[in-house]
Amino acid sequence: MANRKIIHIDEDLCNGCGDCVVGCAEGALQIVDGKAKLVREDFCDGFGDCVGTCPTGALTIEEREVPRFDPQAARAHVAQSRGPE
């Protein structure tokens with residue numbers, strides 16, 4: 001565990017458009033039950049590429065204690081779910 005920057009999603013503001021999912025190169029976000037969800041904290045690099053894609057302002061960056069970012073696991077996940085880049 002480490003204290004680091006990570007995405008926070010305000011579900012009340014999320015409209016489920018999915019733009020953030022497309023904006024997340026690490027595959028840390030998915031639409032679940034019509035809302036964006038951070039499905040793997042260790043896949044989120046905390047850079048916030050997804051934040052700028054949100055039309056409702058539901059995504060912000062916060063700092064809290066979470067598992068360390070695992071770039072190898074994130075790349076493997078993306079390759080498996082989206083195909084090789």
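Tutor: Two strands pair if DSSP finds at least two bridges between them. The model here is predicted, so local features need pLDDT of at least 70, side-chain atom pairs count only at pLDDT 80 or more, and totals for chains, interfaces and linings use all residues. Residues are numbered from 1 along each chain as its sequence is written, and side-chain values use heavy atoms, without hydrogens and water.

Student: What makes S2 and S3 a pair?

Tutor: 4 bridges join S2 (residues 29-32) to S3 (residues 35-38). The cut-off is at least two, so they pair. The strands run antiparallel. Val 32 has Lys 35 of S3 as its bridge partner. Between the strands of this hairpin lie 2 residues, and Asp 33 takes a positive phi near 55°.

Student: What makes up the largest nonpolar core?

Tutor: The core has 18 residues. Each is a buried (under 20% relative accessible area, 1.4 Å probe, protein chains only) Ala, Val, Leu, Ile, Met, Phe, Trp, Tyr or Cys, joined through side-chain atoms within 4.5 Å. Ile 7, Ile 9, Cys 20, Leu 29, Cys 50 and Leu 59 have the most contacts inside this core. Strand S1 (2-9), helix H1 (19-23) and strand S4 (59-66) give two or more residues each. S1 gives the most, with 3.

Student: Which residues does Cys 20 touch beyond four places in sequence?

Tutor: Cys 20 is in contact (heavy atoms within 4.5 Å) with Leu 29, Ala 36, Cys 50, Thr 53 and Leu 59.

Notes. Buried < 20%, exposed > 50% of the residue type's maximum accessible area, 1.4 Å probe, protein only.
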